[in-house]
Amino acid sequence: MAEITYEGKTFEVDEDGFLLKFEEWCPEWVDYVKESEGISEISEDHQKILDFLQDYYRKNGIAPMVRILSKNTGFKLKQVYELFPSGPGKGACKMAGLPKPTGCV
Amino acid sequence: MAKHATPMLDQLETGPWPSFVSDIKQEAAMRAANPKGLDYQIPVDCPDDLLGVLELSYNDGETHWKHGGIVGVFGYGGGVIGRYCDQPEMFPGVAHFHTVRLNQPAGKYYTTDFLRQLCDIWDLRGSGLTNMHGATGDIVLLGTTTPQLEEIFWEVTHNMDNDLGGSGSNLRTPAACLGESRCEYACYDTQAASYNLTMEYQDELHRPAFPYKFKFKFDGCPNGCVAAMARSDFSVVGTWKDSIKIDQEAVAAYVAGEFKPNAGAHSGKDWGAFDIEAEVINRCPSAAMKWEGGKLAIDRSECVRCMHCINTMPRALHIGDERGASILCGAKAPILDGAQMSSLVVPFVEAKGDFDEIKEVVENIWDWWMEEGKNRERLGETMRRLSLQKLLEVVGQEPSAHNVQEPRHNPYIFFKEEEVPGGWDRDINEYRKRHQR
């Protein structure tokens, strides 16, 4: 697996650029990933989604369903895609440091 | 000269069936020769390495693809199936081997011009290998690298006016039988329905918003040539309401042996002369047919429209003129709680114009399932957990005998409180006045 160094921090990632360990997440990670996910600036709205994903994951050990993400953050799916062009899974979950989505994708 | 020795795969070049091994080898040789002088954007020996890793799997009896893979294009949450080899040093040509799903035209009719354009893009930016088509219907471009995904997407949308198909927890690519394009059994325009609903629900197809995957399929009649009832959560199957049309002269021609039964489908074996009694009348599942005095009669009220008589004598018997479709829901493969075929929900619905009646049912079901469905729960499983009654309620379909094969045999029957005089609020003391402890 690849190791990435950015702003003095090292991250272990898989081929798809997902963090292997949630504990390695730090604000620099978001800064490092954002460009590859088509995001130039992290706004408050971005942060709100990232915070919710992390809280939910810490509490429940899984990523929330899309519907739950929308309900809790108040962002419709369309807005989520405006914020994270590759979507809540590949975009937001990756930036929040959550494990890679699995299953029949 | 092949890059890897493939003694086991080589055996699959013998025999009469078209050999996938010979075909892949041909593509590998074509890429090596590169007669068009292409600047290949992924390793030129990608198909060689695919054969190499496959031979290794034949030896080990194990797959050599890593778990999962999340790649895609901006704006969409699905459409590409990421895949990485677990022996990338040995087979660098397939270190990345992502699959791109492209939405296919309904009925899969093509022009060579379209296919040539597609092959030109794929030759340059992919492995040169495909699956025509995936089981859900998509054109499958088999094997490319992550940096090529946006390139392929750009070319396909800008130069070919085509889009990606679906993947993930969303509406997957719909598919239809070829319908009225070349079948006299088609009760509605299945291709138009498939196209219309695909366009209507682009957002639901490209951006996963559902508890789990959801599929549409459109069959023109109960023969089920696209297997809607087995392979789609929402199955639309054409049928008719009035009588089967009988051409008595053509029936006589079948009986006389002028026309071959089943359009000659059984001509590979001698089954004797056509016997209308044995092959049609006595095979009718509801015994709704009569053959008397050289005339065929069908009791419309008993006919279940199974297609058998029409299939057997297509030149003499035709579907009725009052056409539409049935909607059945819930088909799925075994995981998690067992395989299901679709269950009849709406016995007859209009299927023309913009298919508004069908869309209304779709949207009512989505509203309910998106709210009530659990994570990774197919519609068929939600129906089991929350009951067929609930589904009929959300669709606005009055329950009828058509909705069941047979009534329940257990007495665990729920009533709504408002249906029961006095409701559920009872005082035990009132009861005790009449019944001592």
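In the predicted model, chain A contains five helices and two strands, and their order along the sequence follows the pattern β-β-α-α-α-α-α. The C-alpha atoms of chain A fill a box of roughly 35 × 30 × 25 Å when the box is taken along the principal axes.

In chain B, five strands form an open sheet in the order 5-6-7-12-13, with mixed pairing. Strand 5 (175-176) and strand 13 (343-349) of chain B stand at the edges of this sheet, and each has a single partner strand, so one side of each is left without a neighbour in the sheet. Within the sheet, strand 6 (residues 216-219) and strand 7 (residues 234-240) of chain B run parallel and are joined by four bridges; in this pairing, Lys217(B) stands opposite Ser235(B) of strand 7. The loop between strand 12 (323-329) and strand 13 of chain B contains Leu336(B), and the peptide bond that joins Ile335(B) to Leu336(B) is cis, with an omega of about 0 degrees.

Another open sheet of chain B is formed by four strands in the order 1-2-4-3, and here the pairing is antiparallel. Its edge strands are strand 1 and strand 3 (130-132) of chain B, each of which pairs on one side only. Strand 2 (residues 99-102) and strand 4 (residues 139-142) of chain B run antiparallel and are joined by four bridges, and the bridge partner of Val100(B) in strand 4 is Leu141(B). His133(B) is placed in the loop between strand 3 and strand 4 of chain B, and the peptide bond from Met132(B) to His133(B) is cis, with omega near 0 degrees.

Strand 9 (residues 289-292) and strand 10 (residues 295-298) of chain B also run antiparallel, and four bridges join them. In this pair, Lys290(B) stands opposite Ala297(B) of strand 10. The two strands form a hairpin with two residues between them, and Gly293(B), which lies in the turn, has a positive phi of about 55 degrees.

The contact between the chains takes 29 residues from chain B and 23 residues from chain A. The area buried between chain B and chain A is about 2,100 Å², and carbon and sulfur atoms give 56% of this area. On the side of chain B, the residues that lose the most area to chain A are Ile70(B), Phe74(B) and Arg207(B), which together account for 32% of what that side buries. Three salt bridges are found across the interface of chain B and chain A; Glu371(B), for instance, forms a salt bridge with Arg67(A), with the closest N and O atoms 3.9 Å apart. Across the interface there are also 10 residue pairs in polar contact, with both residues at pLDDT 80 or more. The elements that give two or more residues to the side of chain B touching chain A are strand 1 (80-81) and helix 12 (356-372) of chain B. By class, this side of chain B has 12 nonpolar, 10 polar and seven charged residues.

How values were computed
Residues are numbered from 1 along each chain as its sequence is written. Chains are lettered from A and ligands numbered from 1 in the order in which they are written. This is a predicted model: local features need pLDDT of at least 70, side-chain atom pairs count only at pLDDT 80 or more; totals for chains, interfaces and linings use all residues. Side-chain values use heavy atoms; hydrogens and water are left out. Two strands pair if DSSP finds at least two bridges between them. Contact means heavy atoms within 4.5 Å. Buried area is the accessible area (1.4 Å probe) that two parts lose on being put together, summed over both. A salt bridge is a side-chain nitrogen of Lys or Arg within 4 Å of a carboxyl oxygen of Asp or Glu. A polar contact is a pair of N or O atoms within 3.5 Å; within protein, one must be able to donate a hydrogen and the other to accept it, and residues adjacent in sequence count only if both atoms are side-chain atoms. Ala, Val, Leu, Ile, Met, Phe, Trp, Tyr, Cys and Pro count as nonpolar, Asp, Glu, Lys and Arg as charged, and the others, Gly among them, as polar.
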